[in-house]
Amino acid sequence: MAINAVLSAVVIMLGLSLARVHVVLSLLIGALAGGLIAGLGITDTLAAFQEGIRNGAQIALSYALLGAFAVAIAHSGLPQSLAGAVIKRIDAAGSGITAGGMIKYTLFAGLVMMSCFSQNLIPIHIAFIPLLVPPLLLAFNRMQIDRRLIACLLTFGLVTTYMFIPYGFGDIYLNQIMLKNVGEAGIDIANISVVKAMAIPALGMFIGLLTAVFISYRKPRQYQQLAIDKDARDAVVKNDDLGKTAAEAPSQSKIKTLIALAAIVTAFVVQLYTDSLLLGSMFGFAVFMATGVVKWRDADTVFNDGIKLMAMIGFIMITAQGFAEVMKATGEIAPLIDGATNLFAGNKAIAAFVMLGIGLVVTMGIGSSFSTIPIIAAIYVPLCISLGFSPLATVAIIGTAGALGDAGSPASDSTLGPTSGLNVDGQHDHIRDSVVPTFLHYNIPLLTFGWIAAMVL
């Protein structure tokens with residue numbers, strides 16, 4: 001029996017990542033292995049990989065501008081003000097495991113809301129995490145909060161928002177990519193409500209979140225109080241800005257807060273009307289410069305800080321694009337799906353489960369739900385029609401299959417983002433503390449509830 005190159009490449013990549021090989025190397029080795037297994041040879045495999053890297057150039061530029069926009073927001077003092085207010089309330093509540101229980105759950109809700117808003121209302125995606133989370137680490141440590149829970153909170157907002165709410169990233173995923181590809185594959189999408197189609201899978205994500213909060217990670221977990229955590233906390237309380245001393249930091253003011261809100265609204269409106277996060281971030285950054293929040297002489301420094309902030313994540317995403325291109329070049333994604341269809345025997349229940357499972361494998365490897373949809377839609381739509389799935393159920397299957405694996409993929413920004421904020425002191429492992437927890441709490445319920453949606457819609 002022939003070994004499927006795509007499945008092998010994904011297994012190799014995940015295995016190396018779990019063995020603590022760097023994600024970039026894991027993706028590269030997995031891509032080479034997949035290409036060789038498919039018979040592409042070294043030359044063709046590298047050519048496909050390099051083509052994917054070129055396709056990822058726009059992603060890299062978008063992430064750089066998102067980082068610059070996020071750092072400009074930090075200049076306005078919004079993240080520091082929020083973190084400082086939380087820390088001061090915790091200080092007032094006292095220390096201990098049970099102190100400040102209401103503050104703890106309010107903080108949880110705030111992190112979920114911020115991660116949700118970063119996908120549509122404030123289009124900075126994951127760039128807010130390394131700015132907002134590190135100053136809060138000392139507070140997390142004092143309350144003995146398990147950082148795996150924080151990773152789950154952030155990933156919930158990052159994934160659930162785009163797969164359920166058709167605005168911002170959700171508009172791109174649900175309307176511009178999913179419905180467009182479903183329509184081109186032969187289904188009339190005129191009367192399909194993506195919110196209705198994805199409501200049941202989104203409920204599965206919510207149940208996974210509740211499980212993480214109230215069952216899996218409710219017990220206290222102790223972390224070392226390192227100097228870097230204390231420095232970040234003190235900088236926030238003293239109103240430091242981007243590592244400056246309190247005397248050098250710009251003072252907080254209502255004007256700066258209003259300007260920051262105006263910049264956020266500007267970025268949102270531009271992104272909404274141009275469908276470009278790159279342009280939205282650029283215009284938002286321009287507002288900060290035009291109003292003097294980011295001074296002209298500091299613009300280069302702020303922009304460079306933004307690039308540094310997102311450099312590693314952007315590089316991993318570019319490498320993931322190369323991996324994805326090699327997977328496409330092998331020509332073995334379709335055989336993987338065709339081989340699975342032989343197990344269906346006209347059984348809709350088995351068919352839905354296998355289609356969702358394949359989506360999980362593909363997205364885990366590629367690291368992007370947005371890249372998975374075009375790959376599977378052209379094959380899944382005719383298959384769903386032949387098996388008698390309704391158009392709404394078909395959309396639910398494809399939308400869920402694409403989102404499956406985003407949480408829990410080593411190469412996904414939905415796990416890389418939380419790690420970038422939680423591991424600044426070296427006490428949060430990307431694979432064991434971000435990838436595995438989010439995989440267990442979101443992919444399993446998403447697979448289950450996606451299957452239920454396919455059966456009842």
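Visitor: Which exposed residues does the face of H13 turned away from its buried side carry?
Guide: That face of H13 carries Lys254, Ile255, Leu258 and Tyr273. Bear in mind that this is a predicted model.

Visitor: And which residues of H13 are buried?
Guide: Lys256, Ile259, Ala260, Ala263, Ile264, Ala267, Val270 and Gln271 are the buried residues of H13. They lie on the same side of H13, because the arc they cover around the axis is only 140°. In general, an α-helix has 3.6 residues a turn, so residues three or four places apart point the same way.

Visitor: What span should H13 have, and what is the distance between its end C-alpha atoms?
Guide: H13 runs over residues 254-274, and its 21 residues should span 30 Å at 1.5 Å a residue. The end C-alpha atoms of H13 are 30 Å apart, which agrees.

Visitor: Switching to Thr400. Where is it found, and is it buried or exposed?
Guide: Thr400 is found in helix H19, residues 391-403. Thr400 counts as buried because its relative accessible area is 0%, and buried means under 20%.

Visitor: What is Thr400 in contact with, leaving aside neighbours within four places in sequence?
Guide: Met198, Pro201, Leu356, Leu446 and Gly450.

Visitor: And the whole protein: how many helices and strands?
Guide: The secondary structure comes to 21 helices and 0 strands. Of the 457 residues, 56% count as buried.

Visitor: What share of the contacts with a separation of 6 or more comes from residues 24 or more positions apart?
Guide: Such residues account for 80% of those contacts.

Conventions. Residues are numbered from 1 along each chain as its sequence is written. This is a predicted model: local features need pLDDT of at least 70, side-chain atom pairs count only at pLDDT 80 or more; totals for chains, interfaces and linings use all residues. Side-chain values use heavy atoms; hydrogens and water are left out. Helices (H or I, at least four residues) and strands (E, at least two) are DSSP runs, numbered from the N terminus. Buried means under 20% relative accessible area, exposed over 50%, partly exposed in between (1.4 Å probe, protein chains only). Contact means heavy atoms within 4.5 Å. The expected span of a helix is 1.5 Å times one less than its number of residues. The arc is that of the directions from the helix axis to the C-beta atoms.
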